[in-house]
Number of protein chains: 2
Amino acid sequence: MGLPASVSLDRTLAALADPNRRQVVDLLSQQPMRAGELAQATGLSPQAMSRHLRVLRSSELIEESHDGVDARVRLYVLRSAPMSELKAWLEQTEALWSEQLLSFKAHLEQQE
Amino acid sequence: MGLPASVSLDRTLAALADPNRRQVVDLLSQQPMRAGELAQATGLSPQAMSRHLRVLRSSELIEESHDGVDARVRLYVLRSAPMSELKAWLEQTEALWSEQLLSFKAHLEQQE
DNA sequence: GATTTGTTTAACTATAATGTTAAATATCAA
DNA sequence: TTGATATTTAACATTATAGTTAAACAAATC
């Protein structure tokens, strides 16, 4: 059996698999933004964006906050935890993979 | 505007978003395996596995090869390039995000 | 208070993804 | 050559995803 399947990794990857949502992450990596700004920047309708934001929220890649001025606006902020978890999985996988290569190389050398 | 959307990143993430396919990647990170072994290890039918393998192949996360003994068996091997690209995107995003935090901190300190 | 603004939710439609069963393909073994 | 094995492909049903329009809601402005 391999590593245990991670539900949160699942949701993180599913959220990031959509190009519009990945663009949202790219935008938020530069600065927090309002829902409406994100809709405009991506060329999506506010409704469509709202649903993407819900997916990103439920994967915990983003977090809702407020600007303290106008209570109607939702500011969205990137969260690092899910991306870190994903990076950890990638590194773990790459580590195992390179071990595999090393032992294959050793195997070849032993045969000479 | 943010970073340009990457088609290959799209396919990589979509491929990895499925838990069965991620399990395949986990298994292949340890050693190359036959299609049938992968089906058994994941509890999927050979047909279902075959389709997952096609998705992984088209995202270039895996590569088909042969064992040189029985030409019927397909050995699958992990490829590192797509995972490296994904890791690079993650690191880039995290870098921008931490810059953002730094400038926010600087902003706060300037106000004191 | 009436209306506009920012955003979300609901209902619906269209498209894509996943699994299943059945059939096809290619190769091996007897 | 006949039959078995490893894997893929096709056709189909089911479910999930993403967008649209219309409506809801809450907070701001007039």
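Trainee: What share of the contacts in chain A with a separation of 6 or more is accounted for by residues 24 or more positions apart?

Mentor: This is a predicted model, in which local features need pLDDT of at least 70 and side-chain atom pairs count only at pLDDT 80 or more, while totals for chains, interfaces and linings use all residues. Residues are numbered from 1 along each chain as its sequence is written, and chains are lettered from A and ligands numbered from 1 in the order in which they are written. Two residues are in contact if their C-beta atoms, placed from the backbone, lie within 7 Å, and among contacts in chain A with a separation of 6 or more, the share from residues 24 or more positions apart is 48%.

Trainee: What radius of gyration does chain A have?

Mentor: The C-alpha trace of chain A spans about 70 × 25 × 20 Å along its principal axes. For a compact globule of 112 residues, the radius of gyration (taken over C-alpha atoms, by a rule of 2.2 Å times the number of residues to the power 0.38) would be near 13 Å, but that of chain A is 20 Å.

Trainee: Which element gives the largest share of the surface near DNA strand D?

Mentor: A residue is near a strand if its C-beta atom, placed from the backbone, lies within 6 Å of it, and 24 residues surround DNA strand D, the closest being Ala71(A), Arg34(B), Gly36(B), Gln47(B) and Ser50(B). Elements giving two or more residues there are α4 (46-58) of chain A together with α3 (35-42) and α4 (46-58) of chain B, where helices are DSSP runs of H or I with at least four residues, numbered from the N terminus. The largest share, 6 residues, comes from α4(B).
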